[in-house]
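Open the model in your viewer and keep the selection panel at hand.

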Amino acid sequence: MPIWEGGCPMTEPILELSGVHTFIAQHHILQGVDMAVLPGRATVLLGRNGAGKSTTMRTVMGLTPASKGGIRLDGEDITKARPYEVAQAGVGFVPEDQAVIYSLSVEENFRLAMLNENDDSWKRMDTIFELFPALKKFWRSKAGVLSGGQKQMLAIARAFVGDHKLLLIDEPSKGLAPIVVDQLIDSLNHIAGHTTIILVEQNFHMASHVGSEYFILDDGHVVHQGLMEALVDDHELKQKYLGIA
Amino acid sequence: MTSQTASLAGGEKPALDMKQVAFWVVAGGIWLLPLIWIDPTIYMVLTVAGVAMGMLLFLTAVGLTIIFGLMDVLNLAHGAFFAWGAYVGFTILGALNGLGWVETGTLAQSILSVAISLAVALVVGGLWGLVVERLIISKIYGDHLKQILITVGASMIMAEIIKVIWGPNQEVMLVPAAFTGSYDIADVVINKFRVAAIVVGAAVYTGVMAVLLKTKLGIIIRAGVENREVVQALGYNITRIFTGVFAAGAALAAVGGSMWGIFREQINPAMGEENLIFALIVVIIGGMGSVTGSFLSAMMVGLAFNYVAFLMPKLALGVNILIMAIILLIRPWGLLGKE
C-alpha cells in the first residue's frame, strides 16, 4: 500500500515541520522547511554540507530554536519548547559530535539517559548489550577512553535506553571505519524496529540501508522527498543534490 | 542499583596510576617530616589542631569550589554567604542561650544548639544563594568579568545588610558549654570544639562526595559541567539544577561561617571578605572545581600552618601563600584540578 500520495503522507505524522525558519547568528539556515515524518519508519535527511540537515535536528530539539514556522510532535505544538521539554515529550537526540560524557563511566552515561530510571530501562540494557557487546566490557571505564566507534555506539545506545518514540541521529557514520559502519547499520535497523528514527547521513551506503523514506534538503528547504528504494535507482537525482555519480 | 548492574561489576577497571602512588608517598613523607624536630606528643597535638583548622578551611572553601568548578561562575559573594552564616549562627545560639541550652547546657543541648544553628545557617545561606543566582548570576553565565564585578557588588550589599541588622561592631560568639575546654588523651591535649570541627568537616566532605559520585543528581551535575547541551537534550532542566547547585554552595559557605564564628568566638561584618582570601587560596591549591582537591589543600594548609607556627612562628602567616606559590609553579591547575 502506497504511503505517499500527491506528496502527502496518508497516515498521521509523528513529527511535522511547517514553514520552519532558523537563524544561527545572522545566517539564515533553514528557509521554510516543510516535512512530515511517519511513525514507525526510518527517515533519512540527505543533502550537501550546509544544506541545513543538522540544523533541522537541532531546531526540532529546541537547541537552535525556530524563528518562524511550526513544529508538532504527535499533534502537540513543540515549536517553543525547551530542549528538556522536547526530550521529556519522547524525543531522543544523538548529536553529530557523539557527545558522550567523557568524565562519566559507561554505566553513568546510561544512567544519565534513563530519565525515569526503572526496571524497564534496565531490561532494555540486555538488548543494548546484544547490539553493542563492547559497551559491557567497558562498563566501569570512563567513556573518554573508548574508541571513536565505541563512543558512537554508546551515544546511540544511550538514546535507545531512554525509550523514546522518536530518535534523531545526526551523522552516526562520521569518521568511522567501513566495518564499524556496517555494524552500526545492523544496530540501527534493529533499533528502527522499535522506534521511529530520523537519520542525518552523508554516507549514502548507510542512508540507503537504514532509511525507508528520505527528504533531500538544499539551501535550507526540502527539495525532494519519497521512498528510499526509488532514490537508490534515481541516479539523476542523486547526482543533482548529493553529488553521487 | 539493580541486579543487572551488579552483574556487571566485574567490568574492566582502570590500571593503578604509579604517578598517583608516588604523589601520595611523597605527600606522606612531607607530612611526617616535622617529627624530626618536634616531640611526638606535641606533633600529635599540632596534627589534631591542623586537621581541625583544615576542616574549617574546607568548610569555608567547599561552596566556592563547587560553584566555580561545576558552574564556571566566579562567585566573589562567597564571603558574604559565609558572614551571613556566622551571624545567623550567632542569633540562633543567642536565642538558645536564653533557654539555658548554650553556656550552661548539657552535652545533648550543646550538640543540638550547634546542629540547629548550622541547620538554620544552611537554610538562610541557601535562600540567599537562590536569590543571588536568580536575580544576578543567571543573567551573566559565561561572562567572568561581569561575574566578578557583580558578585563583589552583591557582597557589599549583603555585608551592609548585616550592619543594618546586627550593627557594625564585633560580636562575641557563644560557645556551647560541652565544646569549651579540652580532652587530655595520653598527654595529647585536644580542644573539644576542634573535634566537632573535624566531625562536621568530615561529614560535609563525605556528604558532598556521596551526592556527586553515588547519586543520579551527582551524575547529572557532573555531566552538566562537561556538556550542558547534551544534559538538556536528555530531558533535564539544567537551569533549575544549576540554581540548586549555586544555592547548595552558598548554604555550605554559611555552614562554614557559622562553624568559623564558634571556633574564633567572635564575628564581625568584614569576616566574609577576610575569609574569602583563605577560600580562594584553598581552591587554587586544590584545583578549581575539585572537592577532594579542596579537602586535601585545606588539610595541607591547616597542618603546615600549625607545624610552622610551632617551629618558626614568624613564618606561620605566610605559609599558605608559600604553598600556593609552590603549587602554582609545579601544577598551575592545582593538586587535582584539570589541566
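**Chain A as a whole**

Select chain A: 10 helices and 12 strands. Here helices (H or I, at least four residues) and strands (E, at least two) are DSSP runs, numbered from the N terminus. This is a predicted model, in which local features need pLDDT of at least 70, side-chain atom pairs count only at pLDDT 80 or more, and totals for chains, interfaces and linings use all residues. Residues are numbered from 1 along each chain as its sequence is written, while chains are lettered from A and ligands numbered from 1 in the order in which they are written.

Zoom out. The C-alpha atoms of chain A fill a box of roughly 50 × 40 × 40 Å along the principal axes. Of its 245 residues, 44% are buried, meaning that 20 or more other C-beta atoms, placed from the backbone, lie within 10 Å of the residue's own.

Colour by pLDDT, the predictor's confidence in each residue, from 0 to 100. Chain A averages 90, and 95% of the residues score at least 70. Now pick residues 1-6 of chain A, where the pLDDT is below 50. Where pLDDT is low, the predicted coordinates should not be read in detail.

**The four-stranded sheet**

Next, show β4, β3, β6 and β7 of chain A. They form an open sheet in that order, with antiparallel pairing. Strands pair if DSSP finds at least two bridges between them. At the edges are β4 (27-37) and β7 (76-77) of chain A, each pairing on one side only.

Select β3 (residues 15-24) and β6 (residues 68-73) of chain A: five bridges join them in the antiparallel sense. Find Leu17(A); opposite it, in β6(A), stands Ile71(A).

**Where chain A meets chain B**

How many residues of chain A are in contact with chain B? There are 28, and they touch 23 residues of chain B. Contact means C-beta atoms, placed from the backbone, within 7 Å. On chain A, α2 (83-88), α3 (106-113), α4 (119-131) and α5 (133-137) each give two or more residues to this side. The largest share, five residues, comes from α3(A).

**Helix α8 of chain B**

Finish on α8 (residues 216-226) of chain B. Ile219(B), Ile221(B), Ala223(B) and Gly224(B) are buried there. What covers them includes α3 of chain A, along with α3 (40-71), α7 (192-214), α9 (228-233) and α10 (238-264) of chain B.

Definitions and conventions
Contact = placed C-beta atoms within 7 Å. Buried ≥ 20, exposed ≤ 12 C-beta atoms within 10 Å, placed from the backbone.
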